[in-house]
Amino acid sequence: MNKKTILTILKKKQSGEKITMLTCYDYVTAKLISSQDIDMLLVGDSLGNVKLGYENTLSVTVDDMIYHTKSVKRGNDGALLITDMPFMSYEITIEDAVKNAARIVKEGGAEAVKVEGGIEIVDRIKAISDAKVPVVGHLGLTPQSINKFGGFKVQGRTEEGRRKLIADAEALEKTGVFAVVLEAVPEQLAKEITERLKIPTIGIGSGRYCDGQVLVVDDMLGMFTDYTPKFVKRYAEIGETIRTAVKNYIDEVKKGKFPREENTYK
């Protein structure tokens with residue numbers, strides 16, 4: 001596959017070609033996804049939910065992100081590799097932000113990092129960018145702020161919320177992010193932001209008019225079923241396939257049907 005770069009993504013915005021992104025957390029899944037010419041792989045801190053079994057993303061560490069990024073890096077064939085900076089890895093000091101972003105790139109092999117927040121973190125974003133680490137922004141429903149929001153709630157439904165999201169998006173663009181994820185934003189507001197920005201918007205639960213889309217791979221494959229957000233479309237039911245396969249395996253072992261002669265060595 002052709003190697004995707006930041007320039008590839010920016011050109012797609014200019015040409016109007018839709019951009020594709022999926023989350024990914026391991027080598028095998030990275031090989032499978034990237035074999036289909038996906039534009040970007042996101043090692044999301046959503047691994048806290050779908051891989052580590054946490055209630056939310058707040059317990060995920062920088063070391064967790066580096067570990068999973070290294071795994072995805074080894075399986076990736078051409079996609080632009082982006083990794084989330086987890087909760088409290090960039091908020092406290094500018095020095096922490098640059099140090100942790102550099103670790104994710106240097107140790108994990110990411111080609112860019114993603115951070116949540118708007119105007120309040122532009123100094124962090126600028127410092128990370130100045131350290132030659134590309135940055136993706138994330139606005140709207142930012143999962144690291146669920147305690148502040150009071151849960152997973154759509155953002156930007158009031159006029160005040162609308163103005164803030166637009167101001168945040170424009171501030172991120174001026175600071176140097178090369179794309180921004182819009183999560184759980186009303187469709188028309190996401191459309192307005194997309195039209196205002198020269199950089200791509202990547203929607204998740206933000207409607208049809210973003211420049212691209214991202215989903216959590218375990219959601220769209222039907223593997224993570226603890227809860228399913230409204231915006232998720234399931235493209236497969238791998239979870240049910242796994243349950244059926246395991247049941248058949250157990251039945252065959254108990255009945256002496258596995259292993260058979262063709263599964264043994266002479």
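Contact here means heavy atoms within 4.5 Å. Helices (H or I, at least four residues) and strands (E, at least two) are DSSP runs, numbered from the N terminus. The model is predicted: local features need pLDDT of at least 70, side-chain atom pairs count only at pLDDT 80 or more, and totals for chains, interfaces and linings use all residues. Residues are numbered from 1 along each chain as its sequence is written, and side-chain values use heavy atoms, with hydrogens and water left out.

Start with helix packing. Two packed helices are described by the angle between their axes and the distance between the axes. Axes are lines fitted to C-alpha atoms, for helices over the stretch in contact, and angles run from 0 to 180 degrees between N-to-C directions. Angles under 35 degrees count as roughly parallel, over 145 as roughly antiparallel, 65 to 115 as roughly perpendicular and the rest as oblique.

Take helix H5 (residues 94-108) and helix H6 (residues 122-130). Their axes come within 9 Å and cross at roughly 45 degrees. H5 is therefore oblique to H6. From H5, Ile94, Ala97, Val98 and Ala101 take part; they meet Asp123, Arg124, Ala127 and Ile128 of H6. This contact has six nonpolar, no polar and two charged residues. In these classes, Ala, Val, Leu, Ile, Met, Phe, Trp, Tyr, Cys and Pro count as nonpolar, Asp, Glu, Lys and Arg as charged, and the others, Gly among them, as polar.

H5 also packs with helix H4 (residues 62-75). The axes of H4 and H5 come within 9 Å and cross at roughly 30 degrees. That makes H4 roughly parallel to H5. Their crossing is right-handed. On the H4 side are Val62, Asp63, Ile66, Thr69, Lys70 and Lys73; on the H5 side are Asn100, Arg103, Ile104, Glu107 and Gly108. By class, the contact of H4 with H5 divides into three nonpolar, three polar and five charged residues.

Next come helix H8 (159-175) and helix H9 (residues 187-196). H8 and H9 pack at an angle of about 30 degrees, with their axes 10 Å apart. The two helices are therefore roughly parallel to each other. H8 and H9 make a right-handed crossing. Arg162, Leu165, Ile166, Ala169, Glu170 and Glu173 of H8 meet Leu189, Glu192, Ile193 and Arg196 of H9. Five nonpolar, no polar and five charged residues make up the contact of H8 with H9.

Now the pockets. On a 1 Å grid over the protein atoms alone, a pocket is an open set of points where a 1.4 Å probe fits, with protein on both sides within 12 Å along at least five of seven lines; lining residues have an atom within 4 Å of a point. Grid points are joined across faces, edges and corners, and a volume is the space filled by probe spheres set on the points.

The largest pocket holds about 740 Å³ of space. Its lining has 37 residues, with Leu141, Glu183, Ile204, Pro229 and Phe231 nearest the centre. Helix H3 (47-50), strand E6 (179-183) and strand E8 (212-215) each give at least two residues to this lining. By class, 18 are nonpolar, nine polar and 10 charged.

The second largest pocket holds about 480 Å³. It is lined by 26 residues; Glu120, Thr142, Lys148, Phe149 and Lys164 lie nearest its centre. H8 returns here, with the largest share of the lining, five residues. The lining of the second largest pocket has seven nonpolar, 11 polar and eight charged residues.

Two backbone details remain. The peptide bond from phenylalanine 258 to proline 259 is cis, with omega near 0 degrees. Proline 259 sits in the segment after helix H11 (238-254). Aspartate 37 has phi near 65 degrees, a positive value in a residue other than glycine. Aspartate 37 lies in the loop between helix H2 (27-34) and strand E2 (40-43).

Methods: A crossing is left-handed if the near helix is turned anticlockwise from the far one by less than a right angle, and right-handed if clockwise.
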